[in-house]
Amino acid sequence: MSQIFGEFIENFPVGRDALELTFYSSHKPIKEKWRNHRLSAYFIADYFANLIPIDRDPDRLEERLNNLKAAVSYIGNELLENAMKFHERSNNFPVKLGINFLEELEQITAVIFTQNSIKYKSVYKFQTFIENLLSADPNELYIQQIEKAAEDEHGEASGLGLLTTINDYSAKLGWKFEPEPRDAVIVTVTTMAQIVV
């Protein structure tokens with residue numbers, strides 16, 4: 001049975017331009033691939049910037065495009081790094097990075113998402129982190145996570161990137177957990193960030 005947390009959009013309008021990149025696991029250490037994650041995030045940001053109508057204020061066009069690209073590339077990179085970092089690499093399921101957009105009442109929302117697979121035994125810990133993230137004050141939680149990261153010798157304290165997307169970009173985050181029908185011990189996680197641009 002699927003579970004949804006936070007602000008998650010399940011269905012997008014049909015016929016809308018969107019982009020989705022698919023990555024398959026390799027045997028290279030994840031840190032060797034981080035540069036490619038950043039390049040992929042920049043690519044979706046450029047793609048998105050060329051699709052949206054930006055004729056409202058031509059005098060601020062360049063500034064608006066630069067801000068939009070910076071936000072989308074930062075968030076895309078954070079989501080992709082997390083998806084790759086926590087992806088169950090022993091299976092042959094892909095990691096996905098994508099972008100969609102919604103236009104409503106003169107407002108454009110970029111919807112950046114990743115999808116990866118995790119082991120079922122990791123779900124409870126992840127969902128507990130999500131519930132804490134969604135219920136806590138983001139600024140207080142950010143300070144707590146910085147303190148944890150400073151004390152963590154192994155670099156395993158996480159969540160700063162997600163908190164930055166909330167605090168700096170006013171992102172609305174959402175997650176969907178779905179059992180993987182091809183493997184009973186695997187759960188597919190889709191993480192979504194929505195930002196108004």
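Which residues form one aromatic cluster in this protein chain? The answer is Phe5, Phe126 and Phe177. Before we look at them, a word on how to read this model.

The model is predicted: local features need pLDDT of at least 70, side-chain atom pairs count only at pLDDT 80 or more, and totals for chains, interfaces and linings use all residues. Residues are numbered from 1 along each chain as its sequence is written, and side-chain values use heavy atoms, with hydrogens and water left out.

## The overall layout

The protein chain has five helices and six strands. Here helices (H or I, at least four residues) and strands (E, at least two) are DSSP runs, numbered from the N terminus.

Of the 197 residues in the protein chain, 42% are buried. Buried means under 20% relative accessible area, exposed over 50%, and partly exposed in between (1.4 Å probe, protein chains only). The protein chain exposes about 11,600 Å², and carbon and sulfur atoms supply 49% of that area; accessible areas come from the Shrake-Rupley method with a 1.4 Å probe, and for residues only the protein chains shown count as cover.

Contact means heavy atoms within 4.5 Å. Among contacts between residues at least 6 apart in sequence, 71% join residues at least 24 apart.

## The aromatic rings

Back to the rings. The structure holds four aromatic pairs. Rings of Phe, Tyr and Trp (its six-membered ring) pair if their centres lie within 6.5 Å; planes under 30 degrees apart count as stacked, over 60 as edge-to-face and the rest as tilted. One of the pairs joins phenylalanine 5 and phenylalanine 177, and this pair is edge-to-face, with 5.7 Å centre to centre and 80 degrees between the planes. Phenylalanine 5 lies in strand 1 (residues 3-6) and phenylalanine 177 in strand 5 (residues 172-179), so the pair ties together parts that are 172 residues apart in sequence. Phenylalanine 5 counts as buried at 11% relative accessibility, and phenylalanine 177 is buried too, at 2%.

## The nonpolar cores

A nonpolar core is a set of buried Ala, Val, Leu, Ile, Met, Phe, Trp, Tyr and Cys residues joined through side-chain atoms within 4.5 Å. The largest one has 40 residues, and those with the most contacts inside it are Phe48, Val72, Ile112, Trp175 and Phe177. Helix 2 (residues 61-86) gives the most to this core, with eight residues. A second, separate core of five residues includes Phe8, Ile9, Val111 and Met192.

What does phenylalanine 48 touch, leaving aside its neighbours within four places in sequence? Its contacts are Leu68, Val72, Ile99, Asn100, Phe101, Ile108, Ala110 and Val197.

## Some residues to look up

Asparagine 100 lies in strand 3 (residues 95-104). Leaving aside neighbours within four places in sequence, asparagine 100 is in contact with residues including Phe12, Arg16, Asp17 and Phe48.

Threonine 188 lies in strand 6 (residues 186-196). A polar contact of 3.3 Å joins the side chains of threonine 188 and glutamate 180. A polar contact is a pair of N or O atoms within 3.5 Å; within protein, one must be able to donate a hydrogen and the other to accept it, and residues adjacent in sequence count only if both atoms are side-chain atoms.

Serine 170 sits in the loop between helix 5 (160-169) and strand 5. Serine 170 has a positive phi of about 50 degrees although it is not a glycine. Most residues other than glycine have a negative phi.

The table lists the accessibility of several residues.

| Residue | Relative accessibility | Class |
|---|---|---|
| Asparagine 100 | 9% | buried |
| Threonine 188 | 10% | buried |
| Tyrosine 42 | 42% | partly exposed |
| Phenylalanine 86 | 44% | partly exposed |
| Serine 170 | 59% | exposed |

Tyrosine 42 is found in helix 1 (residues 34-51). The C-alpha atoms of tyrosine 42 and valine 72 are 7.8 Å apart, although the two are 30 residues apart along the chain. Phenylalanine 86 lies in helix 2, and its C-alpha atom is 8.0 Å from that of asparagine 116, which is 30 residues away in sequence.
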